[in-house]
Amino acid sequence: MRVEPECASCILGRAVYAARVAGASVEEVFEIIKKTSQLLASRFGPEEVPARIGTYRDRIVKAVTKNPDPFREMKLLSNEAALSVSKGMVENLGVCSDKLVFMIRMAVAANSIEFGVESHRFGMENLGRLRSELLDILHRPLGLDHTEKIREKLLSSKSVLYLCDNAGEIVFDYFLIDEIKRGFGCQVTAVVRGGPVINDATMEDAEKVGLTSLVRTITTGSDAVGVLPEESPNLLQEMEKADLVIAKGMGNYETITEYVDMVKPVVFLLMAKCSPVARSVGVGRGDTIALLVE
């Protein structure tokens, strides 16, 4: 997926947001604005991908503030909030006749746990009412629902590569991965970011929620938002070997659809938190998506 004109204001606005989360001084915020504006002036255009520019923007924030992981505290709190509500929500499975449907919908709903997106209002206050936030999303139908096609692919797959997205959300990825492993007999490899970037999950988060004890867990080898091929050659090999790839979130959607020449089917599970992504998929902003691309 390539950028649209309105992506520019979101990229710059998120730079300011990330700077403040990082504890930047006023002078540092201005420096980050200046450098991000220069980035946009040099790179922003109809051939660019939002997540690539977002990656470079976040590297600016980390370099200027000398804070290697600005969102670390927010990620820790997101994991704690998700862990505290997940057990009770999974117990609701008793009222659902289809475990895969429930786990997919829950994992997609959890993609809402993302901070600083211009058109998606989710803040620390939302973590305090995370259960009701997620249940509200669960009660709405998916904007795009390929669940039955996904089920068919899982039944015919032996190996699945599962690319995680955000901290907190990764708790609910755990339950979907567990169902894919135990319910469908697939060998699953989970993937997290190779270094801190916004509130995306890293190996620290995977260990915190027990994912590393459930399945083989690797990293992208990069702190990029999504998958930048030149920075993740080993991951591309893993994607080629897997029978099915499942990718969570907008960053993975933006980069994989643009950069990765996939000969295997890919499942995208996400919430369309901005209008450009929503238009790309063909849904409304705020809709949840379970999309199979073959």
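Predicted model: local features only at pLDDT ≥ 70, side-chain atom pairs only at ≥ 80, totals over all residues.
Analyst: Residues are numbered from 1 along each chain as its sequence is written, and side-chain values use heavy atoms, without hydrogens and water.

User: What makes β1 and β4 edge strands?

Analyst: Strands are DSSP runs of E with at least two residues, and helices are runs of H or I with at least four, numbered from the N terminus. Two strands pair if DSSP finds at least two bridges between them. The open sheet has 7 strands in the order β1-β7-β6-β5-β2-β3-β4, with mixed pairing. β1 (144-145) and β4 (216-219) each pair on one side only, and they are the edge strands.

User: How do you know that β2 pairs with β5?

Analyst: The pairing rule asks for at least two bridges. β2 (residues 159-163) and β5 (residues 244-248) are joined by 4 bridges and run parallel. Therefore they count as paired. Leu163 stands opposite Ala247 in β5.

User: Which strands does helix α12 lie across?

Analyst: Helix α12 (residues 233-241) lies across β2, β3 (187-192), β4 and β5. Contact means heavy atoms within 4.5 Å. The helix runs at about 140 degrees to β2. Axes are lines fitted to C-alpha atoms, for helices over the stretch in contact, and angles run from 0 to 180 degrees between N-to-C directions.

User: Why is the largest pocket said to lie between domain 1 and domain 2?

Analyst: Domain bounds come from an automatic or database domain assignment, which gives domain 1 (5-65) and domain 2 (72-293). Both give residues to the pocket lining, so the pocket lies between them. Its volume is about 380 Å³. Of its 25 lining residues, Cys10, Arg14, Pro50, Met250 and Glu254 are the closest to its centre.

User: What makes a space a pocket or a cavity?

Analyst: On a 1 Å grid over the protein atoms alone, a cavity is a set of points where a 1.4 Å probe fits but cannot get out; a pocket is an open set with protein on both sides within 12 Å along at least five of seven lines; lining residues have an atom within 4 Å of a point. The structure holds 3 cavities of 30 Å³ or more. The largest cavity has about 50 Å³ of space.

User: Which residues line the largest cavity?

Analyst: Among them are Asp58, Lys62, Phe71 and Ile198. Helix α3 (residues 50-65) gives the most, with 3 residues. Each domain supplies at least three lining residues.

How values were computed. Points joined across faces, edges and corners; volume = space filled by probe spheres on them.
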